[in-house]
Amino acid sequence: MKATIDVPDGLYRRVKARSALEGRSVRDVTVLLFERWLDESPGLAEALADAGRPSAGTSWLKRWDAIGARVDAAATDDRTTRDILVADRK
Amino acid sequence: MITIDASILVAAASRTDVARSEAVAFLAAAVKSDVPIHQPTLSLVEVAAAISRRTGDDGLAQEATSALLAMPGVLVHPLDLEASAEAAAVAARLQLRGADAVYAATALAHRSTLVTLDDEIRSRASVLVDVVTPSEWLSRQG
């Protein structure tokens, strides 16, 4: 079945970019999310009661910090990542 | 509304960067607020390139890209023909480096404050857009 839905521009761009990064089509991602949502629907109340949990901002910061720690650990260049970025701009 | 220079994003993720504390404090305040974050797609490329060049790990660079796309409040704007023309005009007018012009043009187009650790973009772009350091932005939030 074909369905037409209106998605905010910014959201669609992010979905498309991440789908490309993971080598998936937007259609495949959409179907996957629909299936997961249907499977998890008994947990909707739990999701709605999310207020007491760490905010999206806090979770994102932890994720970013963890990536940074792995970057530092895997570094083969003595310069900081910012030094490399700034040098690339010159 | 803000636009975040990639220099801040990578500074916040590196324990050896002298600006890490300032960058982390700023990012924490920014992502926990409701302020929209207008980013050029170039910021994704710059962060991925710098991480990959530092580590040689393409998977880690791609993880960082995915994380940036998931940043709360982020709106990523493509560098299409129109945006490129605007960035070119900004580069020509302010004699900015190419990447700096893309950030300044993004901030100009979306009326956002450009937050950066880079003194050159700060001094040159401030005639056209609101440009501040992370500490200055934090001070404004009270």
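1. A quick definition before we start: a helix axis here is a line fitted to C-alpha atoms over the stretch in contact, and the angle between two axes runs from 0 to 180 degrees between their N-to-C directions. Keep in mind, too, that this is a predicted model.

2. With that in hand, look at α5(B) and α6(B), the latter covering residues 98-109 of chain B. Their axes sit 8 Å apart and the helices pack at an angle of about 115°. Angles from 65 to 115 degrees count as roughly perpendicular, so that is the label for α5(B) against α6(B). The crossing of this pair is right-handed.

3. Who does the touching? On the α5(B) side you'll find Ala83(B), Glu86(B), Ala87(B), Val90(B), Ala91(B) and Leu94(B). They meet residues of α6(B) including Gly98(B), Ala101(B), Val102(B) and Leu108(B). Sorted by class, this contact has eleven nonpolar residues, one polar and one charged.

4. Now compare another pair in chain B, α3(B) and α4(B). Their axes are 8 Å apart, and the packing angle is about 155°. Anything over 145 degrees counts as roughly antiparallel, so these two helices get that description. Their crossing is right-handed.

5. In that pair, Leu44(B), Val47(B), Ala48(B), Ile51(B), Ser52(B) and Thr55(B) come from α3(B). Among their partners in α4(B) are Asp58(B), Leu60(B), Ala61(B) and Leu68(B). The residues of this contact split into eight nonpolar, four polar and one charged.

6. Next, the place where the chains meet. Chain B puts 39 residues into the contact and chain A puts in 32. On the chain B side, α1 (6-12), α2 (20-32), α3 (41-55), α4 (58-69) and β3 (74-77) each give at least two residues. Which element gives the largest share of that side? That would be α4(B), with eight residues. By class, the chain B side holds 22 nonpolar, eight polar and nine charged residues.

Technical notes:
Residues are numbered from 1 along each chain as its sequence is written. Chains are lettered from A and ligands numbered from 1 in the order in which they are written. This is a predicted model: local features need pLDDT of at least 70, side-chain atom pairs count only at pLDDT 80 or more; totals for chains, interfaces and linings use all residues. Two residues are in contact if their C-beta atoms, placed from the backbone, lie within 7 Å. Helices (H or I, at least four residues) and strands (E, at least two) are DSSP runs, numbered from the N terminus. Ala, Val, Leu, Ile, Met, Phe, Trp, Tyr, Cys and Pro count as nonpolar, Asp, Glu, Lys and Arg as charged, and the others, Gly among them, as polar. Angles under 35 degrees count as roughly parallel, over 145 as roughly antiparallel, 65 to 115 as roughly perpendicular and the rest as oblique. A crossing is left-handed if the near helix is turned anticlockwise from the far one by less than a right angle, and right-handed if clockwise.
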